[in-house]
Amino acid sequence: MKLTVFGIGYVGLVQAAVLAEVGHDVVCVDVDAAKVERLNQGFVPIFEPGLEALVRDNHAAGRIVFTTDAVLAVRHGEIQMIAVGTPPGEDGSADLKYVLAVAETIGREMVEPKIVVGKSTVPVGTADKVRAAIASALKARGREELAFDVVSNPEFLKEGSAVADCMKPDRIIVGTESEAAEAVMRELYAPFNRNHEKMIVMDVRSAEFTKYAANCMLATKISFMNEMANLAELLGADIEEVRKGIGSDPRIGYHFIYPGLGYGGSCFPKDVRALIRTADDVGFEPVLLKSVEERNNAQKAVLFDKLKGHFNGDLAGKTFALWGLAFKPNTDDMREAPARVLMEALWAAGAKVQAYDPEAMNEAQQIYGQRDDLLLCGTKEAALRGADALLIATEWKNFRAPSFETIKQALATPVIFDGRNLYDPAVVARHGLQYISIGRKVGELNSRATTELAA
């Protein structure tokens with residue numbers, strides 16, 4: 001099938017590449033000429049496992065084309081997929097200017113019937129606005145006879161596993177009241193729907209709402225677990241043992257119940273705020289969602305508070321090694337990353353940071369530039385040299401089994417502040433390091449470590 005994807009950011013590029021991989025003929029259009037040129041040269045602007053090879057191979061095969069030519073793009077595809085950004089406004093609401101600009105372009109340039117697919121995360125009712133924008137553009141041209149459908153098809157990609165999520169989706173949500181549009185969407189996604197039925201068809205508004213409800217549910221699980229972690233510390237319990245106990249209940253499960261420094265990235269913070277604003281707009285008080293956001297904002301300061309307490313508030317002039325800058329592993333995305341909150345608090349307190357991340361170093365350079373209080377290091381070991389303590393903000397795999405002897409020898413004071421609970425306190429204690437993490441006994445070894453040392 002021939003389809004057009006507007007917007008070659010994270011969602012649009014991954015979806016386009018995967019659809020091209022199964023044989024569809026995809027034209028990607030973006031207003032950023034530099035990005036388009038770099039993609040045509042084989043450079044993928046984001047880090048996502050498996051994406052670079054997918055883009056390169058399908059571009060070479062001619063199944064995916066990158067352009068700034070909106071006229072070419074609209075004329076190309078029977079399906080017009082909108083995957084542009086919906087950045088948050090100052091009030092937290094999703095800004096639809098890019099979505100509606102694409103809709104107006106489609107209406108201005110289409111010369112045959114189209115199916116317009118909303119892939120961007122948008123508030124309930126956006127499809128109606130898209131439909132109105134296209135209809136208005138057609139009317140202005142005197143082409144009101146041209147038929148089109150507007151379909152909601154929200155994405156459910158996880159950064160770090162987006163290609164796999166696209167290749168093997170657990171569900172494909174399609175919002176439409178049109179049997180003809182449903183049939184086309186079934187044809188589009190047939191290669192991903194062979195094992196068992198994954199497509200769930202519903203009305204458009206329910207599809208739009210499903211995306212927000214899913215992300216807000218996951219954000220709620222994270223904030224709940226972080227609240228339990230903070231309480232566990234005060235009660236002398238170990239949240240990691242609690243996590244295993246509650247996760248074994250199939251009604252709860254193990255996903256999204258890891259305590260830590262809160263959620264970040266481009267989706268959860270934005271979508272929680274957007275749904276809060278949507279609720280406010282219709283006169284509904286979203287008590288739970290506001291609490292989820294409040295807990296998450298507070299959680300990002302937890303590690304700094306522990307650090308400040310450990311050093312009796314005297315952080316000025318100290319240097320701290322920081323492992324992890326991205327908001328999660330397997331991405332270079334630092335949007336609303338807990339590491340940013342931590343670093344900025346340290347700088348405000350007069351401390352310096354020596355940071356390492358396997359993928360987000362360039363992103364950090366772009367965000368912060370040259371600073372006297374930030375040293376971006378080439379390895380995690382280099383970040384340790386002469387530091388007063390080690391801080392961990394992202395759970396990258398290559399942080400999970402470090403040389404604790406190397407850490408101890410490199411640090412000025414032998415202490416690890418772990419915002420992701422990567423290590424067994426007893427193991428860290430055997431190497432003579434103090435270990436302060438999330439949801440465990442503050443500033444002391446747990447009972448297993450104490451028993452081992454006493455033996």
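Helices here are DSSP runs of H or I with at least four residues, strands are E runs of at least two, and both are numbered from the N terminus. On that basis, the chain in this predicted model has 19 helices and 14 strands.

**The chain as a whole**

- The radius of gyration of the chain is 24 Å, which agrees with the value near 23 Å that a compact globule of 455 residues would have.
- Along the principal axes, the C-alpha atoms fill a box of roughly 80 × 45 × 45 Å.
- Of the 455 residues in the chain, 52% are buried.
- Among contacts with a separation of 6 or more, 73% are between residues 24 or more positions apart.

**Strand β1 and its partners**

- Strand β1 covers residues 2–6, and four of these five residues are buried, so the rest of the structure largely encloses the strand.
- On one pairing, β1 runs parallel to strand β2 (residues 25–29) over five bridges, and Val5 has Cys28 of β2 as its bridge partner.
- To get from β1 to β2 the chain passes through helix α1 (residues 10–21), making a right-handed β-α-β crossover.
- Strand β1 also pairs with strand β4 (residues 79–82), again in the parallel sense, over four bridges.
- In that pairing, Phe6 stands opposite Ile82 of β4.

**Helix α10**

- Helix α10 spans residues 239–247, and its buried residues are Ile239, Glu240, Arg243 and Gly247.
- Looking down the axis of α10, these buried residues fall within an arc of 105°, so they line one face of the helix.
- The buried residues of α10 pack against α9 (204–235).

**Helix α14**

- In α14 (338–348), the buried residues are Pro338, Ala339, Leu342, Met343, Leu346 and Trp347.
- These residues cover an arc of only 165° around the axis, which puts them on the same side of α14.
- Several elements cover the buried residues of α14, including the helices α13 (302–310) and α15 (361–368).
- Strands take part in that cover too, among them β9, β10 (352–356), β11 (374–376) and β12 (389–392).
- Just after α14 comes Gly350, with a positive phi of about 90°.

**Two asparagines with positive phi**

- Asn330 is a residue other than glycine with a positive phi, near 65°.
- Asn330 sits in the loop between β9 (319–323) and α14, and its relative accessibility of 31% makes it partly exposed.
- Asn421 also has a positive phi, near 55°, and is likewise a residue other than glycine.
- The loop that holds Asn421 lies between β13 (415–418) and α18 (425–430).
- With 9% relative accessibility, Asn421 counts as buried, because the cut-off for that class is under 20%.

**Glu159, a buried loop residue**

- Glu159 is in the loop between β6 (148–152) and α7 (162–167).
- Its relative accessibility is 7%, so Glu159 counts as buried.
- The side chains of Glu159 and Ser266 are joined by a polar contact of 3.3 Å.
- Neighbours within four places in sequence aside, Glu159 is in contact with Tyr10, Glu48, Ser266, Phe327, Lys328, Pro329, Thr331, Asp333 and Arg335.

- Val71 belongs to helix α4 (residues 70–76), and at 34% relative accessibility it counts as partly exposed.
- From Val71 to Glu109 is 38 residues in sequence, while their C-alpha atoms are 6.0 Å apart in space.

Notes:
Residues are numbered from 1 along each chain as its sequence is written. This is a predicted model: local features need pLDDT of at least 70, side-chain atom pairs count only at pLDDT 80 or more; totals for chains, interfaces and linings use all residues. Side-chain values use heavy atoms; hydrogens and water are left out. Buried means under 20% relative accessible area, exposed over 50%, partly exposed in between (1.4 Å probe, protein chains only). The arc is that of the directions from the helix axis to the C-beta atoms. Contact means heavy atoms within 4.5 Å. Two strands pair if DSSP finds at least two bridges between them. A crossover is right-handed if, with the strands pointing away from the viewer, the path from the first strand over the helix to the second runs clockwise. The radius of gyration is taken over C-alpha atoms; the globule rule is 2.2 Å times the number of residues to the power 0.38. A polar contact is a pair of N or O atoms within 3.5 Å; within protein, one must be able to donate a hydrogen and the other to accept it, and residues adjacent in sequence count only if both atoms are side-chain atoms.
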